[in-house]
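Hello,

Here is the structure I promised to pass on. My notes follow directly below it.

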Amino acid sequence: MNVTFDIYTTIKAVLEILILWLVFYRILLFVEGTRSFHVLKGIAYLIIAFFLFQVLGLDTLNWLLTKIFAISVIGVLVIFQPELRQGLARLGQQHLFNVGLEESEMMAVCEEITTAVYRLSKNRLGCLIAIERELKLKTYIESGIAIDAKISAELLQSIFHTSSPLHDGGVISRGDRIVAASCLFPLTENPNFSKIIGTRHRAALGLTEQTDAVVVMVSEETQEISVAEDGRFIPVVNRERLISVLRDLLLKPKKGTAA
Amino acid sequence: MKVTKAWFTQNLALKVIALVLAIFTWLYLNDEILKSLFTFPK
């Protein structure tokens with residue numbers, strides 16, 4: 001009886017810690033990169049100092065920090081008011097465990113990308129668009145120019161126009177936003193491909209070999225549209241096929257190969 | 001496999017901080033050890 005109770009208590013403790021971990025991790029992810037992150041860091045330093053003063057027996061400083069913490073609750077609410085509002089709004093807008101786009105929103109993104117690549121192909125303009133999935137493309141985003149704009153066919157066309165300073169390199173999109181342009185992608189080292197294809201194709205393959213991103217590209221020379229995933233190209237013959245391939249890869253990522 | 005491997009290294013610092021916070025919070029709420037070591041502001 002005692003053993004069962006102990007196992008149950010342990011499982012309960014582990015479960016509680018796991019849930020707390022998940023909550024704190026989501027909060028830190030949400031706050032990372034915002035100005036609040038630095039404020040939180042400041043608060044963390046104060047908390048560490050508080051415990052240090054107690055251990056070292058520094059009573060005066062300990063008393064001072066105790067008084068500061070006593071009134072800090074209101075201060076925290078005031079400082080983090082915009083983030084609290086944004087966080088609650090986001091919590092209300094989406095499913096609790098899913099931070100991705102709704103299916104209709106993702107289809108809209110696929111439509112915009114498809115429209116853009118077909119227009120670029122028609123105008124003999126090359127492009128390289130990487131669509132981030134589960135694996136973050138942070139390293140590649142940092143190699144480019146930050147944009148953070150809602151994805152649209154017109155914006156993609158503007159970026160890849162030859163007179164645009166952003167047209168070299170690739171675009172990275174996350175959800176329904178273009179995160180960065182002019183990003184550098186790694187080139188494939190696959191000996192079956194490397195000698196016979198251009199740099200743009202090698203970049204598309206290289207990125208998909210190293211991440212789970214999906215890359216849509218247009219060849220400037222042949223006007224051909226290709227989709228790369230997991231180190232290989234998926235044939236695309238027309239607009240409907242492209243939308244179908246993107247839908248299969250982006251809405252059902254676990255199923256892998258598009259038919 | 002790429003995704004599984006990357007999960008462990010992506011945002012590793014945030015995951016560690018979150019785990020430490022979770023354990024600390026749980027200990028504070030459930031265990032008398034922390035309360036006997038430190039005096040917390042009311």
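Chain B first. Chain B has 3 helices and 0 strands, so elements here are DSSP runs numbered from the N terminus: helices are H or I with at least four residues, strands are E with at least two. The order from the N terminus is α-α-α. Of the 42 residues in chain B, 21% are buried (under 20% relative accessible area; exposed is over 50%, partly exposed in between; 1.4 Å probe, protein chains only). Chain B exposes about 3,100 Å², and carbon and sulfur atoms supply 73% of that (Shrake-Rupley method, 1.4 Å probe; for residues, only the protein chains shown count as cover).

Conventions. This is a predicted model, with local features needing pLDDT of at least 70 and side-chain atom pairs pLDDT 80 or more, while totals for chains, interfaces and linings use all residues. Residues are numbered from 1 along each chain as its sequence is written, chains are lettered from A and ligands numbered from 1 in the order written, and side-chain values use heavy atoms, without hydrogens and water.

Next, helix 3 of chain A. It covers residues 59-79, 21 residues in total. Its first and last C-alpha lie 28 Å apart, close to the expected 30 Å (1.5 Å times one less than the number of residues). Helix 3 of chain A bends by about 50 degrees at Ser72(A) (the angle between axes fitted to the seven residues ending there and the seven starting there). Asn62(A), Leu65(A) and Phe69(A) are buried in this helix. Residues three or four places apart in an α-helix point the same way, because there are 3.6 residues a turn.

Now the second largest pocket. Its volume is about 1,500 Å³ (the space filled by probe spheres set on grid points, joined across faces, edges and corners). A pocket is an open set of points on a 1 Å grid over the protein atoms alone, where a 1.4 Å probe fits, with protein on both sides within 12 Å along at least five of seven lines; lining residues have an atom within 4 Å of a point. Of the 35 lining residues, Leu40(A), Ile43(A), Ala44(A), Ile47(A) and Leu21(B) are closest to the centre. Helix 2 of chain A gives the most to the lining, 11 residues.

Asp148(A), not a glycine, has a positive phi of about 55 degrees. Asp148(A) sits in strand 2 (residues 145-150) of chain A. Gln223(A) also has a positive phi, near 60 degrees. Gln223(A) lies in the loop between strand 5 (214-218) and strand 6 (225-229) of chain A.

Best wishes
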